[in-house]
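Subject: Structure handover

Hello,

Here is the structure you asked about. My notes on what was found in it follow below.

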Amino acid sequence: MMLKGVFNANIYYMQIMDENGKIDANLFPKDLKDSTVVEMYKKMSMARQLDAKVLSLQRQGRAVTYAPLIGQEAEQIGSAFAMRPADFFVPNFRQHAVYMARGFPLDKFFMYWRGYEEGDSIPKEVNGLPVAVPVGTQMPHAAGIAYAQKYRKSGAVTIAYVGDGGTSEGDFYESLNFAGVFKLPLVTIIENNQWAISVPRSKQSAAQTLAQKAVAAGIKGIQVDGNDVIAVYKAVSDAIRESASGPTLIEALTYRMSMHTTADDPTKYRSDDEVNAWKAKDPLLRVRKYLESKKLWSDELEAKMLDENLKAIDAAVDKAEQFKPDPKSMFENVYSFMPDVLKEEEDEAIAANFWQG
Ligand SMILES: Cc1ncc(C[n+]2csc(CCOP(=O)(O)OP(=O)(O)O)c2C)c(N)n1
Ligand SMILES: [Mg+2]
């Protein structure tokens, strides 16, 4: 007869820059220059401005259903800055800031959210997959890409994004399990924004943390303050550095400040008090406080940056709105060859002068 503990696990939580912009000097990454923190702040602001622009276009009927990212800028920009050019990212549908920070052209961004698939062809150097709406389905793709990178000995790492809701999908567990067994260079970031549409985190899982889901897969797991761009940068950089020994799961604690998508009304299921409590944890505010304390930022620089960003955004929107798609593209690239029934529809559309109005 015997009864003994056979396994113990511990999940750490990391925060480096607090809500007042104060940093923990011991944890602050040695390789991170203040000039890079300025760049991070600029990209976070740009992300927020881009987001507001698409929302406004959507309300004017100039963009399709859109999932806002406001509140999640630190987790997306921190992780994008940790990636190296050859690393590959695998998004769901909310990582607009990751695309932007990886150099995805702004006009293509607006073209896509205007409803044109032509905006969803990702330039090779951006090294990322297109938007994936079916929850969790990006995860096996990410594990497969990481497998290929290991097989080819490329040294590149795959960074996958998944929501708190996505962690309840079989695809999530299967991918982590596979990545653990084959010790794949895969870094998975859980964007725990506390909600999966109207389902709160508390109803998503009885597990105390989502990071501990790493334990069952036999891989590293850590929880970070997802509104702290420095903590996210460090967690992802560490995971990339250690990727030769296997995958890491990072749970970024953040908050979806706005609606799930433009088709949702969050006031139906969550309180203003909750939203206001998270406003105090705004990911941009603390970086600004940090930079101001180091005399690296000012109201003048802020105004200049907002103006420059807006000009770049307006120019990109103009370009995207001038784009005239070839209507035939509705019929092409659906099948490897065009079935008769689709050809008939195309012929009918041409005969009816469908796209000339
Ligand atoms: C397989 C599947 N089921 C349901 C949906 C509808 N749906 C779209 S997003 C979403 C919630 C996702 O929540 P989470 O993973 O936390 O990501 P978040 O939207 O919060 O970023 C659901 C249920 C879907 N797109 N795909
Ligand atoms: Mg969520």
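Asn127 sits in the loop that runs between helix H4 (106-113) and helix H5 (138-151). Helices are DSSP runs of H or I with at least four residues, strands are DSSP runs of E with at least two, and both are numbered from the N terminus. Asn127 counts as buried because it has 20 C-beta neighbours inside 10 Å. The cut-offs are these: a residue is buried if 20 or more other C-beta atoms lie within 10 Å of its own, exposed if 12 or fewer do, and partly exposed in between, with C-beta atoms placed from the backbone. Asn127 is not a glycine, yet it has a positive phi of about 55 degrees.

Lys183 also has a positive phi, of about 50 degrees, although it is not a glycine. Lys183 is in the loop between helix H6 (170-181) and strand E4 (186-192). It counts as partly exposed, because it has 16 C-beta neighbours inside 10 Å.

Before going further, a note on the source. This is a predicted model, in which local features need pLDDT of at least 70, side-chain atom pairs count only at pLDDT 80 or more, and totals for chains, interfaces and linings use all residues. Residues are numbered from 1 along each chain as its sequence is written, while chains are lettered from A and ligands numbered from 1 in the order in which they are written.

The whole chain

The chain has 13 helices and 8 strands. Along the principal axes, the C-alpha atoms fill a box of roughly 80 × 60 × 45 Å. Of the 357 residues, 40% are buried.

Two residues are in contact if their C-beta atoms, placed from the backbone, lie within 7 Å. Among contacts in the chain with a separation of 6 or more, 77% are between residues 24 or more positions apart.

The domain assignment gives domain 1 (13-18 + 32-325) and domain 2 (326-357); such bounds come from an automatic or database domain assignment. The C-alpha centres of domain 1 and domain 2 are 36 Å apart.

The core

In soluble globular proteins, nonpolar side chains tend to be buried together. A nonpolar core is here a set of buried Ala, Val, Leu, Ile, Met, Phe, Trp, Tyr and Cys residues joined through C-beta atoms within 7 Å. Which members of the largest nonpolar core touch the most other members? They are Ile77, Ala160, Val187, Val229, Val232, Val236 and Ile250, out of 77 residues. Helix H9 (residues 229-241) supplies the largest share of this core, with 9 residues. Leaving out residues up to four places away in sequence, Ala160 touches Val90, Gln138, Met139, Ala142, Leu186, Thr188 and Ile189.

The ligand

Ligand 1 is surrounded by 15 residues, and the closest are Val135, Gly163, Gly165, Gly166 and Ala196. A residue is near a molecule if its C-beta atom, placed from the backbone, lies within 6 Å of it. The shell around ligand 1 divides into 6 nonpolar, 5 polar and 4 charged residues. Ala, Val, Leu, Ile, Met, Phe, Trp, Tyr, Cys and Pro count as nonpolar, Asp, Glu, Lys and Arg as charged, and the others, Gly among them, as polar.

Phe93 and Val135 are 42 residues apart in sequence, and their C-alpha atoms are 9.0 Å apart in space. Phe93 is in the loop between strand E2 (88-90) and helix H3 (96-101). Not counting residues up to four places away in sequence, Phe93 touches Ala67, Val131, Ala132 and Val133. Phe93 is partly exposed, with 18 other C-beta atoms within 10 Å.

Three further residues

Ile197 lies in the loop between strand E5 (195-196) and strand E6 (199-200). Its contacts, leaving aside neighbours within four places in sequence, are His260 and Asp264. With 14 C-beta neighbours inside 10 Å, Ile197 counts as partly exposed.

Asn276 lies in helix H10 (residues 272-279) and is exposed, with 9 other C-beta atoms within 10 Å. Ala244, in the loop between H9 and strand E8 (248-253), counts as exposed with 11 C-beta neighbours inside 10 Å.

Regards
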